[in-house]
Amino acid sequence: MTEFAARLLYVFAASIARLPWPWLLRIGDAIAWVWLRLDVRESRVSRRNLQLAFPQLPADERERLHRAILRTTARQALETLRFWTRPHARNLALIRESHGVDLFDAAVAAGKGLIVAAPHYGNWELLNQWLAAKTPISILYRPPKVAIAEAFLRLVRADAGDRVTQIRAEGPAVRQLWKLMKQGGVTGILPDQQPKAGDGEFAPFFGKQALTMTLLNRLAERSGAAVLFAYCERIGEGLHVGLRGAQAE
């Protein structure tokens, strides 16, 4: 029943994603307006983050940034529906530039394991597809609380060539990743994802103590795997993939 519901949700998402892009932009802006008016969680969190990160900005400037963040978030959510429900080759054709690919190719060729740290910046879902087009990859993810939502995510993130392995961020995950690194594999981790209590460390962040992931550090130190930071950002009508070494300034 769960898998069937997930497929129905996929059909619904694909129907929305087929709308012309200008229409989706307007829908995204409308969603952002509703978020702002109802002061939903997305609105409250972005406003508080701006207060912490830019306390020196005038209130009206922070409010302008707040509205822009909500519009961008809503638009990216709809863009992600397109990436999830269209052929990967069509999505990847939108990538106009890529930097640091030589670092990625060298790390894979070294055969000592590679950890791709992809923060929540830009469209990490398209980045997953770009990585999978270059090499088999295992993706660590935190399962949603609702079973149908998890089944939907596993469906849309699957790769037709079975080059994507999805690993739940739970107890056995560490052993799976350790084995993968020893075999010279590649894994993608969202390093800014909040871990469960007891699985991370608190560190100062904009004057607040934030629970921070330690899995990436431990895995890299114990396995000797290379670490690259990666992102996929929009530039005009196209997108840009960038990779940097962990020690890059």
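The model is predicted, so local features need pLDDT of at least 70 and side-chain atom pairs count only at pLDDT 80 or more, while totals for chains, interfaces and linings use all residues. Residues are numbered from 1 along each chain as its sequence is written, and side-chain values use heavy atoms, leaving out hydrogens and water. Helices (DSSP runs of H or I, at least four residues) and strands (runs of E, at least two) are numbered from the N terminus.

**How α7 packs against α6**

- Two packed helices are described by the angle between their axes and the distance between the axes.
- For helix α6 (residues 101-110) and helix α7 (residues 124-134), that angle is about 50 degrees and the axes lie 12 Å apart.
- Here, axes are lines fitted to C-alpha atoms, for helices over the stretch in contact, and angles run from 0 to 180 degrees between N-to-C directions.
- α6 and α7 are therefore oblique to each other; angles under 35 degrees count as roughly parallel, over 145 as roughly antiparallel, 65 to 115 as roughly perpendicular and the rest as oblique.
- On the α6 side, V101, F104 and D105 make the contact (heavy atoms within 4.5 Å), and they meet W130, L131 and K134 of α7.
- Sorted by class, this contact of α6 with α7 has four nonpolar, no polar and two charged residues. Ala, Val, Leu, Ile, Met, Phe, Trp, Tyr, Cys and Pro count as nonpolar, Asp, Glu, Lys and Arg as charged, and the others, Gly among them, as polar.

**How α7 packs against α4**

- Helix α4 (residues 59-85) also packs with α7, at an angle of about 25 degrees and with the axes 9 Å apart.
- That angle is why α4 and α7 are roughly parallel to each other.
- Q76, T80, F83 and W84 of α4 make this contact with W124, E125, L126 and Q129 of α7.
- By class, the contact of α4 with α7 has four nonpolar, three polar and one charged residues.

**The two sides of α6**

- V101, F104 and A107 of α6 are buried, where buried means under 20% relative accessible area, exposed over 50% and partly exposed in between (1.4 Å probe, protein chains only).
- Looking down the axis of α6, its buried residues fall within an arc of 130 degrees, so they line one face of the helix. The arc is that of the directions from the helix axis to the C-beta atoms.
- The cover over those buried residues includes β1 (95-99), β2 (114-117), α7, β8 (226-235) and β9 (238-245).
- On the face of α6 turned away from its buried side sit the exposed residues D102 and A109.
- After α6 comes G111, with a positive phi near 70 degrees.

**Loop residues to look up**

- R157 is in the loop between α8 (147-156) and β4 (164-168), and R157 is buried, with a relative accessible area of 18%.
- Leaving aside residues up to four places away in sequence, R157 touches W84, E125, Y141, V164 and Q166.
- Most residues other than glycine have a negative phi.
- D39, in the loop between α2 (21-38) and α3 (41-53), has a positive phi near 55 degrees; D39 is partly exposed at 31% relative accessibility.
- F206 is not a glycine either, yet has a positive phi of about 50 degrees. You'll find F206 in the loop between β6 (200-205) and β7 (208-213), partly exposed with a relative accessible area of 49%.
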